[in-house]
Amino acid sequence: MVASPEIRVAINSDPDIVIARQKGRARAVELGFSSGDATLIATAISELARNIVAYAKKGMITLQVVNGSNRQGIAVTASDDGPGIPDIRQALRDGFSTSGSLGLGLPGVRRLMDEFEITSQPGRGTTVVVKKWRQ
Amino acid sequence: MEVPILKQGAFLIATFQAALSDADLNQLRMGLVQQVVKLRSRGVIVDVTAMDVMDSFASRTLREIAHMIRLRGAETVIVGIQPEVAFAMVQLGLTLEDVTTALDLEEGLAYLNEKFKNTH
């Protein structure tokens with residue numbers, strides 16, 4: 001299989017949220033995801049990019065192809081150098097919000113995707129990696 | 001991208017032409033509420049058929065639009081939520097709470113006509 005280049009979308013303001021999710025959807029469709037799964041992926045990207053704008057002001061959404069032993073998928077990485085999340089367990093509970101703009105963000109994103117990883121250091125930034133495997 | 005607002009009798013129809021940014025959604029909220037006041041509209045239909053993704057912000061803004069318009073004594077109907085978008089909304093844990101929804105523009109208009117048939 002030919003290595004696919006990663007796609008990077010800088011997130012600096014709210015119109016970038018739409019750009020990132022549209023690129024994510026297009027990439028998912030290219031990779032053979034169903035239209036329904038592409039919508040789930042686009043929705044997850046929208047929420048992750050929204051968190052960047054709301055909490056860190058700017059950051060990056062990176063889309064990569066991932067290959068498992070007998071399957072292929074897409075990985076979405078949302079990274080920022082923002083304030084970080086002091087209590088990740090709390091942030092993963094439904095209904096939690098500190099910006100007033102969401103509260104379902106991270107647990108919801110986790111439900112939309114197959115795999116979810118988060119690392120965050122207060123004062124250093126947050127990185128969320130989510131993956132979805134093609135059915 | 002601005003959302004055109006059309007007047008159809010006592011009702012207003014706002015049709016999304018493409019995916020909307022947060023700023024577009026905020027502008028729609030302001031524009032619709034102003035038009036409802038100015039034109040003394042009884043009902044509003046927001047057609048979101050062209051919306052690619054309904055995330056937390058879009059859902060919250062639509063709820064706010066409907067609640068503001070209800071305070072004016074008018075009714076809002078959201079129409080055209082695509083099945084895949086609805087599926088993603090449920091997975092994400094989003095609801096439109098008590099906001100009325102209908103399959104498409106035709107059913108939305110039928111609902112408003114029935115609701116206001118004796119008042120205009």
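Visitor: Is A:Lys57 buried or exposed, or partly exposed?
Guide: This is a predicted model, in which local features need pLDDT of at least 70, side-chain atom pairs count only at pLDDT 80 or more, and totals for chains, interfaces and linings use all residues. Residues are numbered from 1 along each chain as its sequence is written, with chains lettered from A and ligands numbered from 1 in the order in which they are written. A residue is buried if 20 or more other C-beta atoms, placed from the backbone, lie within 10 Å of its own, exposed if 12 or fewer, and partly exposed in between. Because A:Lys57 has 14 other C-beta atoms within 10 Å, it is partly exposed.

Visitor: What is the phi of A:Lys57, and where does the residue lie?
Guide: Most residues other than glycine have a negative phi. A:Lys57 lies in the loop between α2 and β2 (59–67) of chain A, where helices (H or I, at least four residues) and strands (E, at least two) are DSSP runs, numbered from the N terminus. Its phi is positive, near 75 degrees.

Visitor: Which element of chain B gives the largest share of the side that touches chain A?
Guide: The contact, which counts residues whose C-beta atoms, placed from the backbone, lie within 7 Å, takes 17 residues from chain B and 23 residues from chain A. On the chain B side, α1, α2 (56–71) and α3 (83–92) each give two or more residues. The largest share, 6 residues, comes from α3(B).

Conventions. Two residues are in contact if their C-beta atoms, placed from the backbone, lie within 7 Å.
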